[in-house]
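Open the model in your viewer and keep the selection tool ready. This tour goes stop by stop.

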Amino acid sequence: MLVAVDLDIHYARIQAAARAIRDRRPETPEVAVVLGSGLGDFASGLSDATSIPYGEIPHWPASAVVGHEGRLVIGRTQSRLVGALSGRVHFYEGHDLRTVTFGIRVMAFLGVRTVVLTNAAGGINTGFSRGALMVVDDHINLLGASPLMGPHDERFGPRFPDMSEVYARRLRELADEAAAAMGFPISHGVYVALHGPSYETPAEIRYLRTIGADAVGMSTVPEAIVARHMGLDVLAISCISNMAAGVLPQPLSHDEVMETTRRVRPQFRALLEGILGRL
Ligand code: HPA
C-alpha cells in the first residue's frame with residue numbers, strides 16, 4: 001500500500017518526465033493521442049515532429065507487447081500540435097495502475113487539454129462486425145482496481161471525482177461529423193475493461209452483454225479515469241478487431257487483432273485527423 005512519501009516520489013517522477021520532454025520540445029501540445037495495438041502509424045504522419053523513445057524519458061514505462069511501439073512523438077497535424085503516445089503499458093503486464101496512467105499525468109502537466117484514447121477491442125454487440133470503429137460513449141470498469149486507489153494527492157485532482165460524463169459529448173459529436181465527412185459508418189457503445197491477458201470465455205461475454213457492454217478490451221479505462229481526474233476532455237475510439245468469444249464459431253488470437261488493426265489503419269488515421277481538424 002502507498003504511503004505519503006511515495007506520493008511525493010510519484011509526483012516528482014511525473015515532473016521530471018515532463019521537464020525532460022519540455023527540454024526536447026518546449027512548445028505545449030494541445031492534444032494527447034494514445035495509440036493502441038497496431039494503431040501506432042498515426043504518429044508517423046505528424047509533421048515537424050520530435051520523436052522521443054520512452055526509454056529517454058525518465059521513469060516512463062515501456063511496453064513489451066508485440067504491436068506496441070514505445071515512443072512519444074510531438075508534431076503537427078491539421079495545424080494542431082499533438083503529443084502521440086505510440087504504445088502503452090497494460091495492467092496485465094504486471095504494472096500497477098499508477099504506472100499504467102503515468103503518461104496521462106505527464107501530458108496533463110505539460111498542458112494538454114484533450115486526450116484521445118484508441119484501442120483494439122472485441123465486439124460484444126452482435127450488430128458490430130470486425131473492422132468497425134466505435135466511439136466510446138461510456139465505460140464499465142471491471143479491472144477490479146482504480147488508478148485513483150491509495151493515499152490521495154490533492155495536486156492531481158479530487159478524492160471522489162465525478163464520472164457522469166467521462167467521454168465528452170462534444171468530442172463524440174465531432175467524431176460523428178468527421179466520420180460522416182469521410183463517408184464511413186461509425187458506431188457508438190459502452191466499453192468494458194477487463195484485466196486479461198486471457199481473452200474472455202463465451203459465458204463471460206454473455207454476462208458482459210447482459211450488463212450493457214458493447215465492446216471489451218484491456219486498456220483505456222484507467223487512462224480515461226486519470227484524464228478526467230485531471231480535468232481533461234476525453235474521447236475514446238475502439239477498433240473492433242475481432243468479434244468477442246463465442247459470437248462466432250472460431251477461436252480468438254492476437255494475430256487476428258493485429259491483422260484487423262493493420263487493415264483499418266488508414267481509415268483510423270483519417271478519422272483521427274478529421275477529429276483533430278474539428279477541435
Ligand atoms: N477481448 C479483450 N480484449 C481485446 C479483445 C477481446 O476480444 N480484442 C482486442 N482486445
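**Starting at a helix**

Select Tyr 207, which is found in helix α6 (residues 202-210). This is a predicted model. Tyr 207 is partly exposed, with a relative accessible area of 45%. Together with Tyr 207 they form a nonpolar patch on the surface, with about 250 Å² of accessible area.

**Into a strand**

Go to Ser 241, in strand β9 (residues 233-243). Is Ser 241 buried or exposed? Its relative accessibility is 1%, so Ser 241 counts as buried. Now show its contacts, leaving aside neighbours within four places in sequence. Ala 120, Ala 121 and Arg 130 are among them, as are Glu 256, Val 257, Thr 260 and Thr 261.

**Aromatic pairs**

Switch to the rings. The model has 5 aromatic pairs. Select Tyr 54 and Trp 60: this pair is stacked, 5.1 Å centre to centre, with 25° between the planes. Both residues are buried. Trp 60 lies in the loop between β2 (47-53) and β3 (71-77), and Phe 102 in helix α4 (residues 102-110), so the pair ties together parts 42 residues apart in sequence. Phe 102 is buried, and so is Trp 60.

**Rings and charges**

Last stop: select Tyr 11, Phe 109 and Phe 156, a cluster linked by ring pairs.

Note on methods: Residues numbered from 1 in each chain as written. Predicted model: local features only at pLDDT ≥ 70, side-chain atom pairs only at ≥ 80, totals over all residues. Heavy atoms only, no water. Patch = residues over 30% accessible without salt bridge, like charges linked within 9 Å, V, L, I, M, F, W, Y side chains within 5 Å. Areas by Shrake-Rupley, 256 points an atom, 1.4 Å probe, with all protein chains shown as cover. Salt bridge = Lys/Arg side-chain N within 4 Å of Asp/Glu carboxyl O. Helix = DSSP H or I, 4+ residues; strand = E, 2+ residues; numbered from the N terminus. Buried < 20%, exposed > 50% of the residue type's maximum accessible area, 1.4 Å probe, protein only. Contact = heavy atoms within 4.5 Å. Phe/Tyr/Trp six-rings, centres within 6.5 Å; stacked < 30°, edge-to-face > 60°.
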